[in-house]
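Reader: Before going through the details, I would like to learn how such features are read, with a case for each.

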Amino acid sequence: MKMNNLEYLLARRTAAHDGESRAAVMMRIATISVALALTVMIVTLAVFNGFRGEIYADLRGFGADIQLMEVSGLRRDAQPVEYEPLLAERVAEIKGVRSVAPYIIMGGMAKSGDETLGLQLKGVDSAYDTSWWQSRLVEGTLPDIKGEERTKQLLLSRTTAQRLNVGVGDKVEILYVSAISGARRDSYKVSGLYHTGLEEMDASMALADLRDVRRTVAWEDGMISGYDVALDRMKDSERVAEAIDEMLFMDEDIQTTSCLPATLALRHPVVFDWLKAHTVIAQVVIIIMMAVLLFNMAAAMLIMVFDRIGMIGALKAQGMRSSAIRRVFLYRAAILFVRGAVWGNAVGGAFVVVQALWQPIKLDPYGYMLSVLPVSVDWRWWVVLNVATLVATIAVMVLPSAMVARIRPEESLKYKL
């Protein structure tokens with residue numbers, strides 16, 4: 001039998017008698033600490049990734065990764081610009097850009113019966129990718145933006161529909177006031193309802209045909225608020241925005257010079273700062289739980305060594321080296337960790353599955369932006385978390401296991417095996 005097999009065999013045999021040893025209580029505490037730490041870390045990462053994923057996805061759906069708009073649009077309603085096909089074509093050629101579509105944003109009031117509330121109407125055309133809106137549809141259909149005739153259809157959020165007391169097929173009156181065209185009103189038919197969980201945006205955004213919105217705001221043909229630039233990957237936003245900036249400055253064929261490529265971070269700085277704060281909180285929680293886990297495991301290692309002084313002396317008397325005996329206890333620490341890790345992964349995984357399927361934990365949307373606690377799991381970070389925790393635990397166990405070298409066979413005779 002090879003020495004390393006003997007060391008593992010000894011570790012398994014002694015671990016099997018943990019319940020009979022004087023250190024049994026500490027072994028249970030260490031197991032519980034591993035299970036608790038992994039459960040908390042898994043839940044923390046799942047919730048943090050859920051928040052980040054849901055909010056990023058909804059913000060990208062409502063306003064695209066980059067909006068190319070008139071420079072004043074970051075401070076107030078953007079001034080109209082003339083649609084330039086060459087600009088849209090050149091932007092679409094930039095690496096990482098999935099689609100480019102014109103849009104019109106109109107801020108006004110929605111009225112149904114005695115109910116009135118503020119509403120932003122977003123008009124889009126057939127070039128716009130509506131797949132995200134389709135995925136959030138809960139009733140009815142999307143407005144027909146690809147037909148030759150204007151339908152004056154409107155996609156409302158479920159939240160807005162409840163406040164206006166309307167449903168699919170009902171009419172909603174849209175009121176718009178402009179310093180140029182004065183007060184205007186138009187009537188739209190609700191074609192469908194959507195829901196994202198991002199209540200602040202749900203309560204203020206509706207989707208319609210660009211031609212209908214242009215008519216409501218009384219803009220000339222060809223005038224738009226800007227361009228929605230959707231990317232393959234959100235992390236390319238800064239690079240693509242810089243490329244658009246350079247193109248607007250250098251390309252003499254493009255007539256539009258007053259537009260600004262605005263990324264999500266530029267348009268929603270408060271949301272991104274909020275997510276950064278949650279990143280720090282998640283990091284602090286993981287550090288604290290790792291510290292608790294490692295402290296308890298180190299204490300368990302010391303107790304395991306002191307509880308087996310007699311065995312250590314006997315093994316040394318039979319010629320086993322201190323390094324080999326240390327590996328016996330490192331194997332024991334690994335076995336102890338695995339026991340706790342199994343429970344930790346099981347409990348953490350069960351929480352994630354229950355929340356993902358049945359969503360029992362609700363949130364205040366005005367404090368957390370979402371109405372349901374989101375969870376998201378990627379098997380890659382799950383595996384990395386377990387492996388990294390195991391490696392850190394074994395690394396920390398090396399120091400207390402060094403006590404084995406200080407135990408002499410003649411001094412250990414008075415201890416039980």
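Author: Tyr 83 lies in the loop between β2 (81-82) and α3 (85-92), where helices (H or I, at least four residues) and strands (E, at least two) are DSSP runs numbered from the N terminus. This is a predicted model, in which local features need pLDDT of at least 70 and side-chain atom pairs count only at pLDDT 80 or more, while totals for chains, interfaces and linings use all residues. Residues are numbered from 1 along each chain as its sequence is written, and side-chain values use heavy atoms, with hydrogens and water left out.

Reader: Is Tyr 83 buried, exposed or partly exposed, and why?

Author: Buried means under 20% relative accessible area, exposed over 50%, and partly exposed in between, with a 1.4 Å probe and protein chains only. Tyr 83 counts as partly exposed because its relative accessibility is 34%.

Reader: Which residues does Tyr 83 touch, leaving aside those up to four places away in sequence?

Author: Contact means heavy atoms within 4.5 Å, and with that exclusion Tyr 83 touches Ala 88, Pro 102, Gly 222, Ile 224 and Tyr 227. A separation between C-alpha atoms can be read beside this: Tyr 83 and Tyr 103 are 20 residues apart along the chain, and their C-alpha atoms are separated by 9.6 Å.

Reader: How should I read the packing of two helices, and at what angle do α10 and α12 cross?

Author: Axes are lines fitted to C-alpha atoms, for helices over the stretch in contact, and angles run from 0 to 180 degrees between N-to-C directions. The axes of α10 (residues 269-307) and α12 (residues 322-358) come within 11 Å and cross at roughly 135°. That makes α10 oblique to α12, since angles under 35 degrees count as roughly parallel, over 145 as roughly antiparallel, 65 to 115 as roughly perpendicular and the rest as oblique. Residues of α10 that meet α12 include Met 297, Ala 300 and Met 301, and their counterparts in α12 include Phe 329, Leu 330 and Arg 332. By class, this contact of α10 with α12 has ten nonpolar, no polar and one charged residues, where Ala, Val, Leu, Ile, Met, Phe, Trp, Tyr, Cys and Pro count as nonpolar, Asp, Glu, Lys and Arg as charged, and the others, Gly among them, as polar.

Reader: At what angle do α12 and α14 pack?

Author: α12 and α14 pack at an angle of about 150°, with their axes 10 Å apart, and that makes α12 roughly antiparallel to α14. Among the residues that meet here are Ala 341 and Gly 348 in α12, and Trp 382 and Thr 389 in α14. The residues of this contact of α12 with α14 divide into ten nonpolar, seven polar and one charged.

Reader: Where is the place of Asp 251?

Author: Asp 251 is in the loop between α8 (237-250) and β12 (259-263), and counts as buried at 17% relative accessibility.
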